[in-house]
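Please look over the sequence and the structure shown here before reading the notes that follow.

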Amino acid sequence: MDESIIVGRHAVKEAITSGHTINKVLIQEGINKKQIGEILKIAKTEKIVVQTVPKSKIDYLTDVPHQGIAALIAPYPYKELEDFISETKDIDHQPCLLMLDGLEDPHNLGSIMRTADAIGIDGIIIPKRRSVQLNATVAKASTGAIQHVPVIRVTNLAHTIERLQGVGYWVAGTDAKNATDYRQMDAGMPLVIVIGSEGEGMSRLVKDKCDFHIKLPMVGHVNSLNASVAASLLMYEVYRKRHPIGQS
C-alpha cells in the first residue's frame with residue numbers, strides 16, 4: 001500500500017494542487033475540519049471523493065504518522081534519463097543534479113527533496129536496486145516537494161555517469177580523502193553531485209567515474225554528516241555560487 005498512499009496535511013494538499021491523480025481522500029472520524037478546510041475545498045472543486053473513516057482504517061494502510069488524513073493516489077512517476085536529457089538540453093541555466101548512491105533512509109530522501117525544491121535542483125537520480133524508492137514516508141518527509149522534483153531511476157549509476165558526462169555534465173563525488181574543500185568547488189557548469197549511502201559512502205565504481213571529489217571539512221569528533229545534511233550544504237553552496245547576494 002505504501003506505493004499508493006500519502007499521508008499528512010502538507011503532502012496531501014500538495015498532491016492535490018499539483019495535479020497528481022488522486023483516487024480518494026480519507027479523513028479520520030472526529031478530525032477538526034477547520035484544520036483541513038482548504039484541502040476539502042480544493043478536493044470538492046476537483047471532484048475528488050472524500051471519505052470519512054475510523055482512525056484504525058488509516059492506521060491499517062500506513063504506519064507513517066498521518067495527522068488524520070491520507071490520499072490514495074496513482075504511483076509516483078519516475079523520469080526516464082533520456083527524456084530528462086532531451087527536455088533540459090535548451091534550459092536557460094546550468095543544470096544541477098543529485099545522484100544518490102545507495103541511500104536507504106526514506107526520511108533522508110524526503111529531506112533532500114525539500115532542499116532540492118527550495119533551491120531549484122533539476123532532478124535526483126537513484127538506482128533501481130539497493131536504494132530507497134518513492135513512497136509514503138518520503139512524501140510526508142518532503143512536505144510536498146516530491147510533487148515538484150523529478151526523480152530519475154536508473155539501472156546502473158556508473159553507466160549513467162558516463163552518459164551524463166557525454167552530454168556535458170561534470171560529476172563531483174563526495175569523499176573525505178583526496179578531495180577538495182567544497183567551498184572551492186566550481187559550480188559554473190552542468191553539474192552532478194554524488195551523495196553516498198548512509199553507512200558505506202560511494203561505491204568504488206561510482207567513485208572512479210567521478211571527474212573530481214569534494215569534501216566537507218570537519219573539526220569535531222565525528223567523521224561524517226547525515227546524508228541529507230551533507231546534500232543540503234552542497235546544494236546551497238551551488239546556489240550561493242550561482243546566485244550572488246542581490247540576485248534571486
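Contact, as used throughout, means heavy atoms within 4.5 Å, and buried means under 20% relative accessible area, with exposed over 50% and partly exposed in between (1.4 Å probe, protein chains only). Helices (H or I, at least four residues) and strands (E, at least two) are DSSP runs, numbered from the N terminus. This is a predicted model, in which local features need pLDDT of at least 70 and side-chain atom pairs count only at pLDDT 80 or more, while totals for chains, interfaces and linings use all residues. Residues are numbered from 1 along each chain as its sequence is written, and side-chain values use heavy atoms, with hydrogens and water left out.

**Helix H1**
- Within helix H1, which spans residues 9-17, the buried residues are Ala 11, Val 12, Ala 15 and Ile 16.
- Seen down the axis of H1, these buried residues fall within an arc of 130 degrees (taken from the directions from the helix axis to the C-beta atoms), so they line one face of the helix.
- The cover over the buried residues of H1 includes strand S1 (5-7), strand S2 (22-28), helix H2 (37-45), strand S4 (69-73) and helix H6 (136-142).
- Just after H1, Gly 19 takes a positive phi of about 95 degrees.

**H1 against H2**
- H1 and H2 pack with their axes 10 Å apart and at an angle of about 25 degrees, where axes are lines fitted to C-alpha atoms, for helices over the stretch in contact, and angles run from 0 to 180 degrees between N-to-C directions.
- The two helices H1 and H2 are therefore roughly parallel to each other, a label for angles under 35 degrees, whereas those over 145 count as roughly antiparallel, 65 to 115 as roughly perpendicular and the rest as oblique.
- On the H1 side, Arg 9, Val 12, Lys 13, Ile 16 and Thr 17 meet Glu 38, Ile 39 and Ile 42 of H2.

**Helix H4**
- In helix H4 (residues 81-88), the buried residues are Leu 81, Phe 84, Ile 85 and Thr 88.
- Viewed down the axis of H4, its buried residues fall within an arc of 100 degrees, so they line one face of the helix.
- Strand S5 (96-101), strand S7 (151-154) and helix H7 (157-166) are among what covers the buried residues of H4.

**The loop at Ala 187**
- Ala 187 lies in the loop between strand S9 (180-181) and strand S10 (191-196), and at 3% relative accessibility Ala 187 counts as buried.
- Leaving aside neighbours within four places in sequence, Ala 187 is in contact with Val 238, Lys 241 and Arg 242.
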